Amino acid sequence: RAKAEGGRTHRFFTEELGAASRRRLALQFALQHAIDRRELAVHYQPRIALGSRHIVGLEALLRWTHPDLGPIPPVDFIPLAEESGLIEQLGLWVLQEAVRQTAAWIARLERPLAVSVNVSAKQLANPRFIQDVLDTLRQHALPPDCLELEVTESSLMHDMKLSRRVLGELRAHGIKLSVDDFGTGYSSLSYLREFPLDCLKLDRSFLGKNLDTDKKQHRLAAAIIELAHTLDLRVVAEGVETTEHLAFLEKTDCEEIQGFLFCRPLPPDLLASILEDGTCSAGS
Ligand code: C2E
Ligand code: MG
Ligand code: MG
Ligand code: MG
């Protein structure tokens with residue numbers, strides 16, 4: 001009887017695994033055609049100055065709507081794109097789209113606006129990457145300091161020598177650089193000194209959900225913000241969801257905030273009037 005149960009559990013388990021890997025394969029395959037089939041879009045989430053509530057920049061976030069399965073979250077398809085190498089093509093598409101859109105907004109608003117684009121380790125390692133970035137900026141006449149590239153901690157550490165060289169060249173051209181999701185990897189702040197960075201994005205896990213354990217996380221976050229400033233890095237807090245998060249951040253010297261409390265990532269048409277206004281308030 002126990003044996004029969006075990007057998008059933010085993011079969012159940014492999015069938016589950018089978019379904020999951022079939023889905024992954026199907027997604028990976030479908031993603032190859034997503035650009036051509038116009039299934040991709042870029043949404044934008046404001047970065048807001050903590051003091052003034054002015055929108056200082058936008059983060060470009062890739063969205064994919066599969067024709068049958070509907071919207072697929074980036075956490076499900078970005079890793080697949082990284083595994084298959086397709087991320088290089090997708091990343092370039094996002095960059096071109098974000099730079100084009102931002103240049104168009106700047107022309108309409110007649111004031112500066114910066115856009116942040118996420119870049120994966122595979123893109124950094126591509127010898128054509130720097131030239132692609134410069135060509136894209138030139139094509140849309142976007143000033144280099146209006147573009148910020150976000151690289152995760154683990155991408156930076158993946159090949160430190162390469163990261164240092166590529167980031168150094170990008171920065172020499174005036175492009176801004178951020179370390180994304182800081183605090184989720186294994187690097188220490190002293191490692192960050194090794195890279196030519198402008199900004200640290202504090203991972204949203206530091207803001208926390210549970211009020212009991214939050215205290216420690218908050219103290220840690222406050223310490224990271226202080227240390228980042230000693231390295232001359234601007235700090236953006238990610239995942240500001242609640243008024244408690246905001247109240248905590250207001251006690252720190254964090255420069256910018258980003259999160260659902262102020263604005264969700266939105267498609268360009270829905271962002272137009274918010275950009276026109278130029279500010280975001282909590283709960284709006
Ligand atoms: P990320 O770069 O850290 O982007 C921020 C993520 O946090 C976004 O998730 C955003 O929607 C979400 N977020 C913003 N505010 C809040 C909040 O208040 N609460 C919570 N819970 N989440 C918030 P999204 O769009 O699902 O993207 C997830 C990740 O996928 C990104 O994390 C980034 O690592 C990756 N990704 C997205 N677009 C691209 C892309 O074009 N290229 C690459 N390489 N990666 C991308
Ligand atoms: Mg990011
Ligand atoms: Mg992040
Ligand atoms: Mg994140």
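Hi everyone, and thanks for having me. One thing to keep in mind from the start: the model is predicted.

Let's begin with the metals. The magnesium ion that is ligand 2 has four coordinating residues: Glu59, Asn118, Glu150 and Asp180. Their donor atoms are OE, OD1, OE and OD, in that order, at 2.0 to 2.2 Å. If you like to follow along in the sequence, look for the spacing E-x58-N-x31-E-x29-D. Two of these residues show how distant parts of the chain are linked: Glu150 sits in strand 5, residues 147-152, while Asp180 sits in strand 6, and they are 30 residues apart. Glu150 and Asp180 are both buried.

Now for the other ion, ligand 3.

You will have noticed Asp180 turning up in both lists. Asp180 bridges the two magnesium ions, which lie 3.8 Å apart. Is Asp180 buried or exposed? With a relative accessible area of 5%, Asp180 counts as buried, because the cut-off for that is under 20%. Glu238, at 12% relative accessibility, is buried too.

Next, ligand 1. There are 22 residues around ligand 1, and the ones that come nearest are Arg63, Asn118, Asp180, Glu241 and Phe260. One on Gln45 is 3.0 Å from a nitrogen atom of ligand 1. Glu59 has a side-chain N or O atom 3.0 Å from an oxygen atom of ligand 1, and for Asp181 a polar side-chain atom is 2.9 Å from an oxygen atom of the ligand. On its own, ligand 1 has 800 Å² of accessible area, and the protein covers 84% of that.

Last stop: Ser187. You'll find Ser187 in the loop between strand 6 (176-182) and helix 8 (189-192). Ser187 is buried, with a relative accessible area of 14%. Leaving aside residues up to four places away in sequence, Ser187 touches Glu153, Met157 and Phe182. Lys216 is 29 residues from Ser187 along the chain, and their C-alpha atoms are 20 Å apart.

That's my tour, thank you!

Note on methods:
Residues numbered from 1 in each chain as written. Chains lettered and ligands numbered in written order. Predicted model: local features only at pLDDT ≥ 70, side-chain atom pairs only at ≥ 80, totals over all residues. Heavy atoms only, no water. Helix = DSSP H or I, 4+ residues; strand = E, 2+ residues; numbered from the N terminus. Buried < 20%, exposed > 50% of the residue type's maximum accessible area, 1.4 Å probe, protein only. Contact = heavy atoms within 4.5 Å. Donors = N, O, S within 2.8 Å, 3.2 Å for Na, K, Ca; no water. Near = heavy atom within 4 Å. Polar contact = N/O pair within 3.5 Å; in protein donor to acceptor, adjacent residues only side chain to side chain. Areas by Shrake-Rupley, 256 points an atom, 1.4 Å probe, with all protein chains shown as cover.
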